[in-house]
Amino acid sequence: MESIVQEQLSLEEGAAHLTQILRESRDEQILPVLLRQHVSLQAQQAELGRIFTDQSLKEDWKYTPLDFLRRRWQVKPFEEVSPPFSFLEDWRREIVPIPLHEETPALRSFPEPRSPWEALAVGAPTHRHYTLKRDERLSLAFRNSGELAPLTCTISVSPLADCEVWLCLSGTGFSLLRLHFHVGREGRLRLYIPDRLENQSVYHYFLVTGYLEEYATVETYDLTIASGWKRSEIRLQLGGTGARAYLHGAAHVLSAGMMDAAIRVEHLAPHTESNQLFRSLVEAKGRSTFQGRIYVHRLAQKTNAYQSHKALLTAASAVAYSRPQLEIFADDVRCTHGVTTGFLQGEMLFYLRARGIPEGLAKQMLYEAFLTEVIEKVPSPSLQSWASEEIRRNIQS
Amino acid sequence: MLQIQNLHASVEGRSILKGVNLEVRAGEVHAIMGPNGAGKSTLAAILTGKEGYEVTEGEVLFEGQNLLDMAPEERSHAGIFLAFQYPVEIPGVSMIQFLRAALNAHRMAKGLEPLDSAELMSLLREKAALLKLEPDFLTRSVNEGFSGGERKRAEIFQMAILDPKLVIMDETDSGLDIDALKIVAEAVNALRTPQRAFVLITHYYRILQYIRPDVVHILMDGRIVRSGDASLAIELEEKGYDLLISQA
């Protein structure tokens with residue numbers, strides 16, 4: 001039980017404090033020597049305060065509450081724990097920080113930081129690297145004990161491999177997870193992020209980047225029950241011909257919760273395909289933000305890119321922002337985007353009630369169905385059940 | 001069973017129904033015909049409790065109860081069923097999930113235990129066969145991707161499941177080809193009982209060739225202007241609304 005009254009910082013003071021402790025806590029020894037110097041320089045130059053002054057960073061953060069900056073955090077590394085799903089236990093691997101070298105694929109494609117957050121997150125005191133070969137499954141489960149816990153994770157998926165990675169965070173505090181993966185030619189990666197933020201003292205910030213070689217495929221499933229604060233930044237580069245990325249997000253944002261999805265898919269090669277399918281069910285005083293960008297390079301002819309975000313508000317005090325963005329520099333492409341925000345359709349509700357279903361139950365069914373559109377696409381039946389049950393339980397309560 | 005007396009109603013301040021009187025007894029089939037904008041669908045919406053319609057005068061009694069004081073689900077539990085003109089798609093809710101919830105809500109209102117899965121499936125399969133519905137129909141989302149004919153058959157299927165006392169069919173025949181119309185009509189005729197009444201709202205005589213009404217009403221400009229037996233529909237088909245009414 002916290003009995004100490006936390007000092008309240010201004011947002012600018014908080015950003016400076018966070019910058020300082022992230023910088024000080026970094027441990028770059030795991031990085032190859034050639035990379036170390038570069039990364040170190042980037043971190044030294046990074047200032048989180050730029051989110052208040054840099055125009056493009058301000059745009060990226062304009063809808064996101066930043067109250068977590070008001071607290072004076074201390075760095076305390078994650079504790080590795082058992083995954084929350086029993087079936088994941090069998091897949092748990094010994095944590096073997098594989099020595100990295102410049103030719104490690106995930107380091108070769110490690111992108112330049114687009115924000116001070118990214119620059120500061122690399123070299124976190126907890127750092128993992130995995131190389132996944134054919135049909136491997138990796139589950140990573142970490143617990144935050146209530147402070148600031150940063151983690152850097154790099155994953156190389158070998159050519160032709162068909163792999164799954166599960167990321168499960170628990171505990172309270174501010175969890176900052178920087179993940180970069182590289183998927184080799186014709187490799188496939190499914191990334192599952194089942195995320196339940198129990199209360200308002202939980203902050204999860206996922207900074208995920210990925211690079212896909214020729215005919216590689218990535219599927220992401222970010223399923224969130226948010227009473228706390230969460231930001232998921234996912235930035236993928238479809239660098240090889242025929243690469244494909246399918247991003248899914250279903251968020252049930254509970255009262256006073258916040259879910260912020262910032263997605264960027266870069267089509268850099270011809271015949272690439274992507275689909276962003278996101279749904280947010282937002283309860284009273286909850287807040288959802290979706291910023292989805294599709295970038296098509298001039299060389300990425302024959303690109304197919306789709307994006308859909310729908311937010312369903314259950315009360316007038318729920319808030320949803322959606323910002324679809326398309327940057328297309330090739331002329332032979334097909335790109336679509338669709339965004340809706342609103343309340344339950346009266347026609348649907350009346351249809352159920354006219355069949356005798358009481359209003360409360362009818363609303364529950366429709367709210368659940370709204371997220372089902374994403375959940376039913378999750379390949380793991382166990383995760384589907386988990387998400388459906390969580391959502392049903394929260395809607396009923 | 002159903003008594004409508006001097007019913008006046010408006011939508012967004014515009015008067016639509018201007019004094020409708022109608023009495024439907026158990027076992028009867030009434031057809032309500034009328035041109036576009038006459039108020040047919042408004043009447044159906046008011047009987048089933050849809051929001052957005054204001055009753056400004058008159059009353060509606062269903063088995064002696066004031067229908068207008070009841071919520072839509074209470075009307076359904078009391079035995080009123082509306083076959084929608086445009087059944088809405090509900091992605092993410094399967095037919096089986098929907099029907100389980102509806103049927104168990106009805107049973108709960110009657111003080112009965114919910115059906116177990118085996119009983120439910122048995123009932124659904126029996127009624128689906130009546131409407132010649134494909135087996136995968138039950139696992140699909142409600143009305144999602146259904147053809148026009150499938151939607152209308154799904155409405156009658158739901159009616160067969162919920163076993164209502166009064167069925168209001170709002171232009172069920174619209175958008176149906178002749179084969180689908182025959183399937184729907186056969187199912188409706190199979191469900192005709194001395195205890196159940198039907199109100200068929202339609203533009204066309206066609207459906208009445210397959211579902212023979214006891215009484216035909218002509219609704220124009222918010223009022224029932226003529227009533228008669230089934231021959232009135234034939235006369236209407238021959239003469240059209242204007243001539244028929246001008247000769248009245």
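Modeller: A salt bridge requires a side-chain nitrogen of Lys or Arg within 4 Å of a carboxyl oxygen of Asp or Glu. Please note that the model is predicted.

Colleague: What makes the pair A:Arg353 and B:Glu73 a salt bridge?

Modeller: The closest N and O atoms of A:Arg353 and B:Glu73 are 2.7 Å apart. The cut-off is 4 Å, so the pair qualifies as a salt bridge. Between chain A and chain B the count is 3 salt bridges, and 13 residue pairs are in polar contact, both residues being at pLDDT 80 or more.

Colleague: Which elements of chain A give two or more residues to the side that touches chain B?

Modeller: They are helix 7 (346-354) and helix 8 (359-375) of chain A. Helix 7 of chain A supplies the largest share, 7 residues. By class, this side of chain A has 11 nonpolar, 3 polar and 4 charged residues.

Colleague: How much area is buried between the two chains?

Modeller: About 2,000 Å² is buried between chain A and chain B, with carbon and sulfur atoms giving 67% of it. In chain A, the residues that lose the most area to chain B are A:Phe350, A:Tyr351 and A:Arg355, together 40% of what that side buries. The contact involves 18 residues from chain A and 31 residues from chain B.

Colleague: Why is A:Pro83 called buried?

Modeller: A:Pro83 has a relative accessible area of 9%. Buried means under 20%, and therefore A:Pro83 is classed as buried. This residue, A:Pro83, is found in the loop between strand 1 (79-80) and helix 4 (86-89) of chain A.

Key:
Residues numbered from 1 in each chain as written. Chains lettered and ligands numbered in written order. Predicted model: local features only at pLDDT ≥ 70, side-chain atom pairs only at ≥ 80, totals over all residues. Heavy atoms only, no water. Contact = heavy atoms within 4.5 Å. Buried area = accessible area lost by both parts, 1.4 Å probe. Polar contact = N/O pair within 3.5 Å; in protein donor to acceptor, adjacent residues only side chain to side chain. Helix = DSSP H or I, 4+ residues; strand = E, 2+ residues; numbered from the N terminus. Nonpolar A, V, L, I, M, F, W, Y, C, P; charged D, E, K, R; others polar. Buried < 20%, exposed > 50% of the residue type's maximum accessible area, 1.4 Å probe, protein only.
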